[in-house]
Amino acid sequence: MSVQQNFDVIVVGGGSAGAVLATRLSERRDQSVLLLEAGPAYPPQDYPLQVALAANVGAFTGHDWGYRSEPGFVTHPIEAWRGKLLGGCSAVNGSVVARARPADFERWTAAEVKGWSFDEVLPAFRALESTTAGDDAWHGRTGPFPVRQLALDEVSDMQRAFVESALAVGLPAVEDFNGPDAHGVGPYAMNVIDGVRVNTGMAYLTEAVRARSNLTIRDRTLVDRVLFDGARAVGVRLADGTVLAAGEVILSAGAYGSPAILLRSGIGPGHALYRLNIPVIADLPVGETLYDHPFYYNAYAAVPTRIGVPYPVIGAKVWTASPGAAPGELDIHITATHLVDQQSSPTGSAFVLAVALTRPESCGSLTLTSRDPAVAPRIDLNFLAEPADRHRLRYGIDLARRIAAEAPLADLIDHEIAPGPHATDAEIEASMAATLDTYHHPTSTVPMGAPGDPLAVVDHLGNVRDLDGLRVVDASIFPDIPSAATNATVIMAAEHIAAQL
């Protein structure tokens, strides 16, 4: 087994976390950093239009891993989009910038995860962003990641009507969802400039950063597993058999990619590894927890002459609490979006009030079906398995329908497509199970935890338990799922950990 190259640090995955880590770690000029990305590495100002346009998301960008979930309580498989290119999911997502809330971090600190209170992570949130929104105590002005708070005159006619109707049913107005009080309705904060989604491959891995002599970026490179000398990680083996040596390996391949690499490396539940004849390096609960936000499409046929221009495709939301929410938590999103096949409407025009449960109790899992790194892991999202999740999602659907029945949004609607204007309770439940989708926010497959926590795989800085020289930094290490779109919190986590290395 010949070693091709030796680096101080290898970062696996150039997405929302990996691009940040490669940038920050290569600021130390005496430290050589290799960033490995399975997809293409486009120049920062030359991403193809199919990717760069913020209106294109997920697989429609042409850069997706092709994952699908297993059927479960929700009886159909669900496409599980993940970006396969430099910039990762930040290059294919909905461009929403929404921080996890203080209540999310209170849960983590209550579980004795050191260093992750909201006050402790706020400097990292401020460090990543460049925005004019809010006040200086909460926001950053000079960070690499541009954040634009949309105004009402920048959203579509439908989204503006949605905001006005939500106000009419009693929800308060929110000027800054990333400020102290996020309960209510208003336009989104977005990382979009002139219609272009600014991903971490652009914002962090600029031309100047990529030109650093101590940073190497190797794209179209699939990692098979981490290599060990005893209990110390010493490098990685690529899918083509190439071996790359390193003083430290950091996995930032995402909530599906990082646990899959760990499992192929012999780090995971012993019984699962034995079934695939993988020698056990560390018997840890990798992949035994998986959370995501279930997403239901309340769909409407619009009056074509009233709907207006369907842009931006995502522009405004309600963020509120169901009666089943824990104190201080906001567990329901309702997003007004044009992301729907217009031909699905008999009027030729449609929009969606997409309802998400952002604090689900139902827990899924990730396992391997093969040792082959080209074979996708088995993803079981386990959506709506817990009855409480079904009840709370139903509350969000009912609220969305109340908003849609209120002027001025009601004036744009020809009729409700799903669940249907006269749907019974049973038909609504059936529609939930038959059409449920994902918000594409998987987390917690390699969770952080306090020393001695049997459910934890890594410590508060991403170090894998019982091993040396191996770290995980991405959404997989979240102890549970935050109540917001996860991208901003993933970037923050990379900033937060990098500042302590």
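Both F118 and W138 are buried, where buried means under 20% relative accessible area with a 1.4 Å probe and protein chains only. Keep in mind that this is a predicted model, where local features need pLDDT of at least 70, side-chain atom pairs count only at pLDDT 80 or more, and totals for chains, interfaces and linings use all residues. Residues are numbered from 1 along each chain as its sequence is written, and side-chain values use heavy atoms, leaving out hydrogens and water.

**Aromatic rings**
- F118 and W138 make a tilted aromatic pair, at 5.1 Å centre to centre with 40 degrees between the planes.
- Rings of Phe, Tyr and Trp (its six-membered ring) pair if their centres lie within 6.5 Å, and planes under 30 degrees apart count as stacked, over 60 as edge-to-face and the rest as tilted.
- F118 lies in helix α4 and W138 in the loop between β5 and β6, so the pair ties together parts 20 residues apart in sequence.
- These two also belong to one aromatic cluster with F105, W108, W116, F125 and F478.

**Strand β20**
- Strands here are DSSP E runs of at least two residues, and helices are H or I runs of at least four, numbered from the N terminus.
- β20 covers residues 332-337, and six of its six residues are buried.
- β19 pairs with β20 in the antiparallel sense over six bridges; strands pair if DSSP finds at least two bridges between them.
- T320 stands opposite I332, while T337 has V352 in β21 as its bridge partner.

Terms used: Buried < 20%, exposed > 50% of the residue type's maximum accessible area, 1.4 Å probe, protein only.
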